[in-house]
Amino acid sequence: MSEKNREGKRNARDKMKEARAAEEAKARRNRKLAVGGVVAVVIAAAVVVGVVVQNQRSKPETPTAAPAGTIGDKNLVIPVGAANAPSTLTVYEDPRCPACGSFERTFSPTVDQLEDAGKVYVNYHIVSFIDRSLGGSGSKYGANALGCAQDAGHFRDYHDVLYRNQPEETEDSFGTKQTLIDLAKQVPGLDTPEFQSCVNSNKFGGWVSAVQQDFDKSSYKSTPTVLLNGEAIYPKKGDEQISPENLVKWVDAANQGKQLGTPGSNGQSPAPSSTAAESNTPPSP
């Protein structure tokens with residue numbers, strides 16, 4: 001074989017090696033692209049599922065029954081006072097929450113008077129998360145009973161009675177429906193067969209769950225949460241500690257120059273004539 005022929009064969013072998021190496025490199029790239037595409041599809045699917053699940057979690061269920069007179073999206077809010085009052089007080093409370101009991105025993109006479117004077121429109125969100133941490137059903141059954149009282153037109157009076165008789169947080173007295181019915185005897189006109197049936201059947205249980213779901217997706221994490229025209233005022237408004245006197249001062253300042261709402265008891269029993277609460281000790285920050 002001539003030198004020329006040997007050189008030609010070497011060149012042919014080299015070209016074959018180069019072609020084979022190029023095909024193998026192309027195959028490796030294609031495999032990587034295929035794997036990357038599958039991973040991308042899996043991640044995209046996971047993201048879509050996560051978004052759907054999160055959206056489902058963030059939307060409260062629509063209750064099949066809501067107490068009469070409730071307002072807002074899905075009727076989750078219990079209003080008290082004149083709807084045309086110039087200021088709105090928003091309150092998130094759990095029936096078993098001891099700080100809520102302290103707040104109510106201190107401030108309810110003042111809040112009632114502000115309502116009756118047409119100065120504030122109070123929006124109550126009755127949540128029930130303490131049952132989840134301590135067990136029992138007092139938060140949920142208490143919230144349902146409050147819904148039953150709202151349905152009967154006696155929310156404010158029963159709400160005040162419930163918090164005046166609130167048990168220790170670790171005691172689940174409100175988990176006994178008869179206790180909730182017995183407390184209704186302190187509200188004239190409330191202890192009726194309809195109210196008893198409402199409490200015993202847990203008529204507004206779905207509504208109670210929806211209110212809690214709405215609270216879960218909110219930015220609020222504790223109770224009581226109290227807002228005056230959207231601004232947090234519990235336990236302080238700025239540097240000022242909340243007190244019955246300061247609450248009145250803040251509301252009057254917010255209402256300055258504005259027309260007051262329709263005065264009156266707005267379907268509820270009138271508030272006591274004095275602003276004195278059971279205790280005027282402001283809550284701890």
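Guide: Helices (H or I, at least four residues) and strands (E, at least two) are DSSP runs, numbered from the N terminus. This is a predicted model, where local features need pLDDT of at least 70, side-chain atom pairs count only at pLDDT 80 or more, and totals for chains, interfaces and linings use all residues. Residues are numbered from 1 along each chain as its sequence is written, and side-chain values use heavy atoms, with hydrogens and water left out.

Visitor: Is Asn255 buried or exposed?
Guide: Asn255 has its place in helix H9 (residues 244-255). Buried means under 20% relative accessible area, exposed over 50%, partly exposed in between (1.4 Å probe, protein chains only). Asn255 has 5% relative accessibility, so it counts as buried.

Visitor: How many residues apart are Phe103 and Phe107?
Guide: Rings of Phe, Tyr and Trp (its six-membered ring) pair if their centres lie within 6.5 Å; planes under 30 degrees apart count as stacked, over 60 as edge-to-face and the rest as tilted. Phe103 and Phe107 are stacked, at 4.9 Å centre to centre and 20° between the planes. Both are buried. Both lie in helix H2 (residues 98-116), about one turn of the helix apart, or four residues.

Visitor: Why is the pair of Tyr124 and Phe155 tilted?
Guide: The pair links distant parts of the chain, with Tyr124 in strand S3 (residues 120-126) and Phe155 in helix H5 (residues 155-164), 31 residues apart. The ring centres of Tyr124 and Phe155 are 5.2 Å apart. The pair is tilted because the planes of Tyr124 and Phe155 lie at 55°.
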